[in-house]
Amino acid sequence: MSLKVPNGNPEIQSLKSRLDKVIVSSTNSEDAYIKQTVKLAIESASNLNYGVGAILVDKGGDVVSRGQNQVFYPYFQSGLHAEMDALNQFEEKIRGERVDLKDYTIYTSLEPCPMCMSRILMAGVGFTVYAADDDLGGMVHIIEAYLKSKKELKKQGFDNIGVLPDVWEQFYIKQSFRKADCDLELQKLAIEAFLLNIQQIRSKRK
Ligand SMILES: [Zn+2]
């Protein structure tokens with residue numbers, strides 16, 4: 001598949017200038033980190049990838065790695081979602097060293113998909129915070145809905161029902177996944193960056 005990167009795409013320019021106008025506020029505690037993820041999301045969209053960005057932040061609040069979706073460009077890599085990229089880069093950087101990630105946070109512009117959530121659970125990242133919900137492809141809202149109804153389901157005799165295998169569910173409960181405390185415009189930009197190339201990508205997949 002070859003997707004051509006348009007020069008000076010006006011939609012990308014518009015997202016960039018809107019992002020520049022977002023003032024990091026003290027009322028939304030996570031604006032600064034989410035703004036960085038949205039910047040990466042726009043960058044990935046400008047390369048005709050799915051527009052998603054992620055950063056990994058350590059206990060002290062320092063950004064230790066950055067990732068962006070690179071599924072299509074520079075060449076097809078099915079697993080290279082933003083969160084995967086951020087974790088790959090971090091693991092490459094600390095090669096050989098065992099780092100406990102329980103006090104680390106991965107910020108991402110979009111609710112993680114099942115693949116990225118699984119990776120985050122396996123990596124042991126303590127906190128996952130995302131700007132925008134992904135009602136169609138996100139995994140967090142599905143697990144949350146299941147966990148809320150779990151007791152009721154058990155009462156009704158559905159003992160073996162689950163959305164994750166038991167061990168993974170235990171990982172999920174210990175780690176934390178939630179929406180960011182951030183400006184509404186950042187949430188909108190995160191969604192728009194993600195949706196920007198969807199139609200073009202889907203039409204090439206048929
Ligand atoms: Zn993903």
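Two residues are said to be in contact here if their C-beta atoms, placed from the backbone, lie within 7 Å. The views below all show a predicted model.

**View 1. Helices H2 and H7 pack against each other.** The axes of H2 and H7 are 9 Å apart, and the two helices pack at an angle of about 20 degrees. Because angles under 35 degrees count as roughly parallel, H2 and H7 are described as roughly parallel to each other, and their crossing is left-handed. From H2, the residues Asp 31, Ile 34, Lys 35, Val 38, Ala 41, Ile 42 and Ala 45 meet Leu 186, Leu 189, Ala 190, Ala 193 and Phe 194 of H7. Sorted by class, this contact of H2 with H7 holds ten nonpolar and two charged residues, with no polar ones.

**View 2. Helix H1 meets helix H7.** Helix H1, which covers residues 10-21, has an axis that comes within 10 Å of the axis of H7, and the two cross at roughly 160 degrees. Since angles over 145 degrees count as roughly antiparallel, H1 and H7 are therefore roughly antiparallel to each other, and H1 passes H7 in a left-handed crossing. Here Leu 15, Arg 18 and Leu 19 in H1 meet Glu 185, Leu 189, Glu 192 and Ala 193 in H7. The classes in this contact of H1 with H7 are four nonpolar, no polar and three charged residues.

**View 3. Ala 193 and the largest nonpolar core.** The largest nonpolar core has 50 residues, and Val 38, Ala 41, Tyr 107, Ala 131, Ala 190 and Ala 193 are those with the most contacts inside it. Two or more residues of this core come from each of helix H2 (31-46), strand E1 (53-57), helix H3 (82-93), strand E3 (105-110), helix H4 (114-123), strand E4 (127-132) and helix H7 (184-195). The element that gives the most to this core is H2, with seven residues. When neighbours within four places in sequence are left aside, Ala 193 is in contact with Leu 15, Val 38, Ala 41, Ile 42, Ala 45, Gly 51 and Ser 109.

**View 4. Helices H3 and H4 lie side by side.** H3 and H4 pack at an angle of about 30 degrees, and their axes are 9 Å apart. That angle makes H3 roughly parallel to H4, and H3 passes H4 in a left-handed crossing. In this contact, Glu 83, Met 84 and Leu 87 of H3 meet Cys 116, Arg 119, Ile 120 and Ala 123 of H4. By class, five of the residues in the contact of H3 with H4 are nonpolar, two are charged and none is polar.

View 5. Most residues other than glycine have a negative phi, and most peptide bonds are trans. Leu 48, in the loop between H2 and E1, has a positive phi of about 60 degrees although it is not a glycine. Leu 48 counts as buried, because 21 C-beta neighbours lie inside 10 Å. Pro 74 is found in the loop between strand E2 (63-68) and H3, and the peptide bond from Tyr 73 to Pro 74 is cis, with omega near 15 degrees.

**View 6. Ile 142 in helix H5.** Ile 142 lies in helix H5, which spans residues 140-155, and is partly exposed, with 15 other C-beta atoms within 10 Å. Ile 142 and Val 163 are 21 residues apart in sequence, and their C-alpha atoms are 7.9 Å apart in space.

Technical notes:
Residues are numbered from 1 along each chain as its sequence is written. This is a predicted model: local features need pLDDT of at least 70, side-chain atom pairs count only at pLDDT 80 or more; totals for chains, interfaces and linings use all residues. A nonpolar core is a set of buried Ala, Val, Leu, Ile, Met, Phe, Trp, Tyr and Cys residues joined through C-beta atoms within 7 Å. A residue is buried if 20 or more other C-beta atoms lie within 10 Å of its own, exposed if 12 or fewer, and partly exposed in between; C-beta atoms are placed from the backbone. Helices (H or I, at least four residues) and strands (E, at least two) are DSSP runs, numbered from the N terminus. Axes are lines fitted to C-alpha atoms, for helices over the stretch in contact, and angles run from 0 to 180 degrees between N-to-C directions. Angles under 35 degrees count as roughly parallel, over 145 as roughly antiparallel, 65 to 115 as roughly perpendicular and the rest as oblique. A crossing is left-handed if the near helix is turned anticlockwise from the far one by less than a right angle, and right-handed if clockwise. Ala, Val, Leu, Ile, Met, Phe, Trp, Tyr, Cys and Pro count as nonpolar, Asp, Glu, Lys and Arg as charged, and the others, Gly among them, as polar.
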